[in-house]
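Please look over the chain below before reading on.

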Amino acid sequence: MSAASLPAIAILAAESSVSLPTADVPTVVPPAFVVLAVALVAPLLSRRLGHALGVLATGGVAVWSLVVPAGVYLETSFLGFDAVLLNVDPFSRLMGVIFGLIGAAAVLYSYSSDAENRQTAFALGYVGTSLGAVYAGDWLTLVFFWELMAVTSTLLVWDYGGEAVRAGFRYAIYHGLGGSLLMAAVVWQYTVVGSFLFTAADGIVAGVPAVLAAIGIGVNVGFVGLHTWLPDTYPRPHVAASVFLSVYTTKTGVYGLARAFPDGNLAIAYMGAAMALVGVVYALLQNDMRRLLSYHIQSQVGYMVAGVGVGTALATAGAFAHVFNHILYKALLFMTAGVVIARTGNQSLKYLGGLGRVLPVTALAFTAAALSISGFPGFNGFVSKGMITAAAHKEHLDGIFYILLAAGVGTFMSFIKFGYYAFLKEGTGTWTLQPSATGQRVAMLGVAALCVILGLYPDALFALLPGSTADAHPFTLSHLGEGFLLAALGVVGFAALKTPLSKIGTGIDVDVVVEPAAFYGTRGLVRGVTELFAAVDRLVVIGTTAAVDVASDPYTVARGTVGRLFGITDDDIRDGSFRAGIATSILLVLAVLAATLVGLL
């Protein structure tokens, strides 16, 4: 950081009415770099020390993000362009607080789940690059960390080996394509605006750049048709890795979408509604616990995308409230699923049952998370979901409003199914299991407590939100009635569909079309290019050979050409005979006459 920029920070801090020393290190070093530094040294340390540093670094980011004044920034130059490595505003502050908070809980959970230092180092690299993206103040820096985030998350998946390797390749391909489209949009933006800075334009310029950005970011958030990497990847790695994966990629995508479309976009709003419904329908069909939760990531992120698309102050506040809340309860759900998988060795709900008695803390944490994600009154999901649906209703977007309500019923059904088959229904045998580890219980109960606190006292979250919460009234009779009604419909729906759902498979997703199309299309493209190259190569060889022959013996080549043209063989030439047919004779006469005519003219 240059000395010239320090006074600017001091002025911005003064304007924010918070005293900030210009030499204060946390205002100079972006939090992403601190976490990345810990990620680099963690594999060299003992498990206890490496994970302890990870908890301190990520927890420190949460505290730092909470207290740092708005307006603090760090300018630099990258490849000759102006860049802002650190930009503190309401959007980045909220993301920093929740990314750091859940990062600390996830590292503690990882330590208690016997994760090795290398895996946690990859996870911390993932956290650090995500923080770099959300604290960026320009598109160039955001894309730089966006691409690094894809690399670190892929390494986190690959580290587990086995089936996770194949899933990691697919994950990398999807996010490589998405990042390339976003990069193309940003480059196009620069040619129009002349700057990468967020302040140079109000989001991504309309037209082709906006379309490219929407599709590129759509890969990360799981747009319908671009979402199959989610349920394919997240059930594969170590259970602790899944906790990290459930948090950062999709929520960073929502943040990027809000930066790109600050005034909203109706098509994006409807896409969000479609995500909410499609995700919940596929989740209902799953028996694999982490696959069910993965489809619900798409569904819940759909609420956020719908809020960003509606674009009003209330919708934006609701979208980011749901980002915060979803990170809490989704990480908690993956933690509880991880305990069940680690203790029973089973990932399928078909082979579970009766775990509520032997894993009571896990069952309690699951119940809090399930009620939160379903939007039951008194839990945090109820507040943020209500803000988004209220915003859609206020803007008379009835289609989005009713689709989100239908998705809410499906969410209740999904987690009644999960809880029933895992914790309530009597299993085929008696479980004798070790209880969850102390660190796992601390992480799960701490996050569960936050889900309840923010559900009962939402003002604690409202203070952090961008947008406006002036029209947010979560505890009105109509909204409370809506929450209880959706819960009742969920119970009735599960009771009515429990038997049919048990007989239906996991469903046919778009990957049955996308994957063969991509495979055969790519193979066809490769073959087409290869055959074209071979044809050009043959032509070049023929032409080069002919040119060499002419240069080395032009008389023989000319004689052969004339001979083939007029039907004269070498034997005819050697014995002096010139026997020509009628056609050849006429051609020769015409040639002589033409030459004579040209000479006369």
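Predicted model: local features only at pLDDT ≥ 70, side-chain atom pairs only at ≥ 80, totals over all residues.

Residues are numbered from 1 along each chain as its sequence is written, and side-chain values use heavy atoms, with hydrogens and water left out.

**The whole chain**

- The protein chain has 26 helices and 2 strands. Helices (H or I, at least four residues) and strands (E, at least two) are DSSP runs, numbered from the N terminus.
- Of the 601 residues in the protein chain, 51% are buried. Buried means under 20% relative accessible area, exposed means over 50%, and partly exposed lies in between (1.4 Å probe, protein chains only).
- Among contacts in the protein chain with a separation of 6 or more, 81% join residues 24 or more positions apart. A contact means heavy atoms within 4.5 Å.

**Helix H9**

- Helix H9 covers residues 208-221, and its 14 residues should span 20 Å at 1.5 Å a residue. The expected span is 1.5 Å times one less than the number of residues. The end C-alpha atoms of H9 are 20 Å apart, which agrees.
- H9 is mostly covered, with 10 of its 14 residues buried. Among them are Pro 209, Ala 210, Ile 217 and Asn 220.
- Which helices do the buried residues of H9 pack against? They pack against H7 (139-158), H8 (163-193), H10 (229-233), H12 (248-260), H13 (266-284) and H14 (289-310).
- Gly 222 follows H9 and has a positive phi, near 90°.

**Helix H15**

- Helix H15 (residues 313-344) has 32 residues. From first C-alpha to last it reaches 46 Å, close to the 46 Å expected at 1.5 Å a residue.
- H15 has a kink of about 25°, centred on His 326. The bend at a residue is the angle between axes fitted to the seven residues ending there and the seven starting there.
- H15 is mostly covered, with 29 of its 32 residues buried.
- Just after H15 comes Gly 345, with a positive phi of about 75°.

**The second largest pocket**

- The second largest pocket has a volume of about 280 Å³. On a 1 Å grid over the protein atoms alone, a pocket is an open set of points with protein on both sides within 12 Å along at least five of seven lines, a cavity is a set where a 1.4 Å probe fits but cannot get out, and lining residues have an atom within 4 Å of a point. Grid points are joined across faces, edges and corners, and a volume is the space filled by probe spheres set on the points.
- Of the 16 residues lining the second largest pocket, Phe 366, Ala 370, Phe 415, Ile 416 and Gly 419 are the closest to its centre.
- Helices H17 (360-374), H19 (398-424) and H22 (477-503) each give two or more residues to this lining. H19 gives the most, with 7 residues.
- The lining of this pocket has 13 nonpolar, 3 polar and no charged residues. Ala, Val, Leu, Ile, Met, Phe, Trp, Tyr, Cys and Pro count as nonpolar, Asp, Glu, Lys and Arg as charged, and the others, Gly among them, as polar.

**The cavities**

- How many cavities of 30 Å³ or more are there? The count is 2.
- The largest cavity holds about 120 Å³ of space. Of its 14 lining residues, the closest to its centre are Gly 375, Lys 385, Gly 386, Glu 482 and Leu 486.
- H18 (380-394), H19 and H22 each supply at least two residues of the largest cavity's lining. That lining has 5 nonpolar, 7 polar and 2 charged residues.
- The second largest cavity holds about 30 Å³. Its lining includes Trp 146, Tyr 171, His 175 and Asn 220. Asn 220 is also one of the buried residues of H9.
- H7 gives the most to the lining of the second largest cavity, with 4 residues.

**Two loop residues**

- Asp 114 has a positive phi near 65° and is not a glycine. Asp 114 lies in the loop between H5 (90-112) and H6 (117-134). Its relative accessibility is 58%, so Asp 114 counts as exposed.
- His 396 also is not a glycine, and its phi is positive, near 60°. His 396 is in the loop between H18 and H19. Its relative accessibility is 66%, so His 396 counts as exposed.
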